[in-house]
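Student: I have a chain to look at and would like to know what stands behind each term used for it. Can we go through the terms one at a time?

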Amino acid sequence: MNFYNFIYKIDEFCSYNNSWEIKKEETTSDKYGVYPDKRDINLLIKNSIINLDKPPGPTSHEVAFWVKKMFNINKVGHGGTLEP
């Protein structure tokens, strides 16, 4: 998938219907990074934020601990919870 297809998929997901004006075609090299859709699970976990819809019941700390154990990672945190 090239960069534009990735952006168009995000537009479609967000229902963004305005057209893009492309002034210059991009050029890049794989030695400067990896496209998000080509990252393996370890790279995604290392460089990502997980948006999780926590069910009522377990605390945010419990859910963070479960995520830490599921993915066998050292650091997990949460940015807060909006309880209804």
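Tutor: Start with Ser15, which has a relative accessible area of 55% and is exposed. This is a predicted model, and Ser15 sits in the loop between α1 (3–14) and α2 (41–46).

Student: Why is Ser15 called exposed?

Tutor: Exposed means over 50% relative accessible area. Ser15 has 55%, so the word applies.

Student: Where does Asn72 lie, and is Asn72 buried or exposed?

Tutor: Asn72 is in the segment after α3 (60–71). Its relative accessibility is 70%, and the cut-off for exposed is over 50%, so Asn72 counts as exposed.

Student: What makes Lys54 buried?

Tutor: The limit for buried is under 20% relative accessible area. Lys54 has 18%, so Lys54 falls in the buried class. Its place is in the loop between α2 and α3.

Student: How far is Lys54 from Gly80 in sequence and in space?

Tutor: Lys54 and Gly80 are 26 residues apart in sequence, and their C-alpha atoms are 11 Å apart.

Student: How many of the residues in the chain are buried?

Tutor: Buried residues make up 10% of the 84 residues.

Student: Which residues does Ile22 contact, leaving aside neighbours within four places in sequence?

Tutor: They are Tyr4 and Tyr8. A contact means heavy atoms within 4.5 Å. As for Asn51, which is 29 residues from Ile22 along the chain, the C-alpha atoms of the two are separated by 31 Å.

Student: How do you know that His78 is partly exposed?

Tutor: Its relative accessible area is 41%. That value is between the two cut-offs, 20% and 50%, so His78 is partly exposed. His78 lies in the segment after α3.

Student: What does His78 contact, apart from neighbours within four places in sequence?

Tutor: His78 is in contact with Ser60 and His61. His78 and His61 are 17 residues apart along the chain, with their C-alpha atoms separated by 7.7 Å.

Student: How many helices and strands does the chain have?

Tutor: It has three helices and zero strands, and from the N terminus on the elements run α-α-α.

Student: Why is the chain called more spread out than a compact globule?

Tutor: The globule rule gives 12 Å for 84 residues, and the radius of gyration is 18 Å, well over that value, so the chain is more spread out than a compact globule. Along the principal axes, the C-alpha atoms fill a box of roughly 50 × 35 × 15 Å.

Student: What share of the contacts with a separation of 6 or more joins residues 24 or more positions apart?

Tutor: That share is 22%.

Student: What does UniProt list for residues 16–64?

Tutor: An unreviewed UniProt entry lists "domain: Dyskerin-like" for residues 16–64. In the model, those residues are 22% helix and 0% strand, and the end C-alpha atoms are 32 Å apart.

Student: How many positive and negative side chains are there?

Tutor: The chain has 11 positive and 11 negative side chains, and the centres of the two sets lie 10 Å apart.

Definitions and conventions:
Residues are numbered from 1 along each chain as its sequence is written. This is a predicted model: local features need pLDDT of at least 70, side-chain atom pairs count only at pLDDT 80 or more; totals for chains, interfaces and linings use all residues. Side-chain values use heavy atoms; hydrogens and water are left out. Helices (H or I, at least four residues) and strands (E, at least two) are DSSP runs, numbered from the N terminus. The radius of gyration is taken over C-alpha atoms; the globule rule is 2.2 Å times the number of residues to the power 0.38. Buried means under 20% relative accessible area, exposed over 50%, partly exposed in between (1.4 Å probe, protein chains only). Lys and Arg count as positive and Asp and Glu as negative; His and the chain ends are not counted. The place of a charge is taken as NZ of Lys, CZ of Arg, CG of Asp or CD of Glu. UniProt positions are given in the numbering used here, feature names are shortened, and annotations may be inferred rather than shown by experiment.
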